[in-house]
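Try each task before you read its solution.

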Amino acid sequence: MANVKKIALVTGGNKGIGLEISRNLAGAGCTVLLGARNAERGQQAVRQLEQAGLGDVHFIEIDVTNQDTITAAAQQIESRYGRLDILMNNAGVNLRGDGLPGEADVSAVQKVFDTNFFGALRVAHTMLPLLRKSPAGRIVNISSGLGSLAFNSDPFWSGYNTKFIGYNASKAALNMLTVHLAYELRETKIKVNSANPGYTKTDLNNNTGPQPVEVGAIAATRLALLDDAGPTGQSFSKDGPDPW
Ligand SMILES: NC(=O)c1ccc[n+]([C@@H]2O[C@H](COP(=O)([O-])OP(=O)(O)OC[C@H]3O[C@@H](n4cnc5c(N)ncnc54)[C@H](OP(=O)(O)O)[C@@H]3O)[C@@H](O)[C@H]2O)c1
């Protein structure tokens, strides 16, 4: 599809890493559907990219915890474009009340799962028929090093003491979604991978991350634009493959 514009959907595209991925994909020549749960914040982000000279970016309302908004978005994409080439499952939360298993507020853990895992599952499930119509579909699940069982078990890993049962387990479950979707789609041209942005300065961590969003968006952007020889069913940071 060298000369055909790719249609990309980014959930939680209004700020942070999702906004930077949207900027990158628009810069790479994609039509970007910038998903946001709040219309004002979504339209403001679209204007920001337009002012930077990136014209083909359009707000689309999606709250990943609300199936009706996802269904409506899929209907809009179907009628306007007839297919979806790139699904970027980026929307995510880290909520107060999460923590070690013995201390966490279980309802906060459930809410984190509802966005980080069930949200991505809802959107992938709903968008799959549109992705199947793409000549080269790509699904990227924005995971985290905190979702790796191997890293969580390694006392020498820099994030070893960051243990939020809701957040970390939701990203581990998201990684399982990557593996299962890749399996389900193994006979198709659709590739599915997890991206680990690395610890990035955004509102999610009260802007404590050491690296800027320009770096946090590298792995996801690369996976969205993989060519037909690229991998599927794996996890990558900007530096290469990550362990599960
Ligand atoms: N920052 C890091 O160090 C880091 C590291 C590893 C992985 N990640 C992952 O990277 C992704 C992006 O996070 P970020 O760091 O860029 O954080 P962020 O700046 O807080 O952005 C999160 C985005 O998700 C959206 N969102 C939250 N709940 C939503 C829902 N129910 N429906 C639709 N959108 C929703 C937010 O929208 P609102 O503006 O409406 O709240 C916002 O656009 C997340 O999946 C996160 O877990 C981040």
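**Exercises on a predicted model**

**Exercise 1.** Find how many residues surround the ligand, and which are the closest.

Solution. This is a predicted model. Step one: count the shell, and 30 residues surround the ligand. Step two: pick out the closest, which are Gly12, Gly16, Gly92, Thr202 and Leu204. Step three: sort the shell by class. It has 9 nonpolar, 16 polar and 5 charged residues. Helix α1 (residues 16–27) supplies it, with 3 residues.

**Exercise 2.** Give the strand order of the sheet, then explain why one side of β3 and of β8 is left without a neighbour.

Solution. First, trace the order: β3-β2-β1-β4-β5-β6-β7-β8. These 8 strands form an open sheet with mixed pairing. Next, go to the edges. β3 (57–61) and β8 (240–241) each have a single partner strand, so one side of each has no neighbour in the sheet. Then check the β8 end. β7 (residues 234–237) pairs with β8 in the antiparallel sense, over 2 bridges. Phe236 has Pro241 of β8 as its bridge partner.

**Exercise 3.** Say how many residues the largest nonpolar core has.

Solution. The count is 53. Ala8 and Leu9 are among those that touch the most other members. Another core lies apart, with 5 residues, including Val109 and Phe164.

Terms used
Residues numbered from 1 in each chain as written. Predicted model: local features only at pLDDT ≥ 70, side-chain atom pairs only at ≥ 80, totals over all residues. Near = placed C-beta within 6 Å. Helix = DSSP H or I, 4+ residues; strand = E, 2+ residues; numbered from the N terminus. Nonpolar A, V, L, I, M, F, W, Y, C, P; charged D, E, K, R; others polar. Pairing = 2+ DSSP bridges. Core = buried A, V, L, I, M, F, W, Y, C linked by C-beta atoms within 7 Å. Buried ≥ 20, exposed ≤ 12 C-beta atoms within 10 Å, placed from the backbone.
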